[in-house]
Amino acid sequence: MTEPSTPAGAGVGQQPQEADRLREILRAPGYLKVLAFAAFIGIPVSLIAFWFLVGLHELEHVLWRDLPHELGWDAPPWWWPLPLLLVAGAVVGLVAAHLPGAGGHVPASGLHTGGASPVTLPGVLLAAAASLPFGAVLGPEAPLIALGGGLALLFHDLTRAPATPQSTALLGAAGAAAAIAAIFGNPLIAAVLLIEVAGVGGPQLFAVMLPALLSSGVGALVFTGFGRWTGLETGSLSLKLPTPVPRLDGGDVLWTIPIAIALAVLLHPVLAAARRVAAYIAGGVLSRTVLCAVAAGVCAALYALITGRTPADVALSGQTALARLAADPHAWGVGALFAVLLLKGAAYTLCLGSLRGGPVFPALFLGAAAGVLLAPLPGLGPVPAMAAGMAAATASTLRLPVSSVVLVVLLLGSSAMMPIAILAAVIAFITTELLPAGTPLPPPPRADQPTPEAGSPKAAGAP
């Protein structure tokens, strides 16, 4: 066969390869300025994000530990979440109805990097401060993304530097990554999370990434097995950890598949119901936000009445409860695990559609609780079960499989469970994508436009 002829005038130098394009981008003065500015804004954004998280943590500490102790209780009484979430619903409803940006995007729509601007920051901070310490079953990652992106654009505006759509998007992503790294304590997960959240590459990214991710996980299982059976080494890069890590076996791998499928099937209606809650609230922002927030408090109160445990197991993000669960899973009976899965799942649904925050930490806790509940299955260990549960729950909830794997590995502090996490994340992600899609949420309000109240001309569809 003869090779196709090169058109006249189309020399090699006129069709740069990908490496040449990348080189041109890196050498462009505009890109280098954006890169230098991104390095500069990482300092103030990280500091502000750090103190914002400290403030949320201290306020949560006061509301859920110090105040009950001062009133004579060793732990919050069963009714404690009701007044706190009433306050949260009222403040978030007022912010969503009257402030620009409606306090940030609705968590039921997932994580987003777009839409952040300096004018929305007061509403985002106020809604997050009213939601998270007061008992919302949400995490701080979504407000942090909005905070970092908005601060980056604010600092850029203060310098009066010329802005282009590309530079604005790059600086927003850089600021969001600097802020999100504060909560996870790791810049790698921030970068991976922002890559997937931003959707760089679109559906093609996931189509290419999933086979590679799955094959690497299966390959890790194969090489782990052969290395253990033969006693031979391949010279792979690894670190010797001082603490013993449980070894995976066939039972752990086989149980991961049904666990991932089951969690994806069970969490899919949770997200669909959360979107219906968000659509319901759009018809009357203030009153219905308060109603849903109090209903989430009722879930926490019922849990405390049924189990005799603290209502904080259901309320709040689950970050503290996850640490307690991992440290002593046997302290949770089967009844308490069933109750926390059911009632925290219901409160999670209500908060996703009504309050402000992120979906990551509650999903991690629900996956870990499901793993602990299933750990007694024959051939399944507690650590692999928790790893599979957390990876599957976060992948099906966030639809970010790589970020889910990195998160689980980061939490466990070891890469020994990575094959299980990869297998669970990929299976849960594919299962979720193949399930029927729910009703999409309406587009969020513009940064300069609050959410219209029910009965207003805008809410009724008038021009």
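A residue is called buried here at under 20% relative accessible area, exposed at over 50%, and partly exposed in between (1.4 Å probe, protein chains only). The structure is a predicted model, in which local features need pLDDT of at least 70 and side-chain atom pairs count only at pLDDT 80 or more, while totals for chains, interfaces and linings use all residues. Residues are numbered from 1 along each chain as its sequence is written, and side-chain values use heavy atoms, with hydrogens and water left out.

With a relative accessible area of 5%, Trp80 is buried. Its partners come into view through ring geometry. A pair of aromatic rings is described by the distance of the centres and the angle of the planes. Rings of Phe, Tyr and Trp (its six-membered ring) are paired if their centres lie within 6.5 Å, and the pair is stacked with planes under 30 degrees apart, edge-to-face over 60 and tilted for the rest. By this rule there are 5 aromatic pairs. One of them joins Trp73 and Trp79, whose ring centres are 5.6 Å apart and whose planes meet at 80°, so this pair is edge-to-face. Trp79 also pairs with Trp80, in a tilted arrangement with 5.6 Å from centre to centre and 45° between the planes. Through such ring pairs, Trp73, Trp79 and Trp80 are linked into a cluster. Trp73, at 33% relative accessibility, is partly exposed, and Trp79 is partly exposed at 31%.

Together with Leu67, Leu71, Trp78, Val298, Leu302, Leu305 and Ile306, they make a nonpolar surface patch of about 830 Å². Patch members have over 30% relative accessible area and no salt bridge, with nonpolar side chains (Val, Leu, Ile, Met, Phe, Trp, Tyr) joined within 5 Å and like charges within 9 Å. A salt bridge means a side-chain nitrogen of Lys or Arg within 4 Å of a carboxyl oxygen of Asp or Glu, and areas follow the Shrake-Rupley method with a 1.4 Å probe, for residues with only the protein chains shown as cover. Helix α10 (residues 285-307) gives the largest share of the patch, 4 residues. Trp78, partly exposed at 41% relative accessibility, lies in the loop between α2 (29-70) and α3 (81-98). Helices (H or I, at least four residues) are DSSP runs numbered from the N terminus.

Charges over rings complete the picture. Arg309 lies over the face of Trp332, 4.0 Å from the ring centre, and Lys344 lies over the face of Phe365, at 5.2 Å. The criterion is NZ of Lys or CZ of Arg within 6 Å of the ring centre and within 35 degrees of the ring normal.

Conventions
Helix = DSSP H or I, 4+ residues; strand = E, 2+ residues; numbered from the N terminus.
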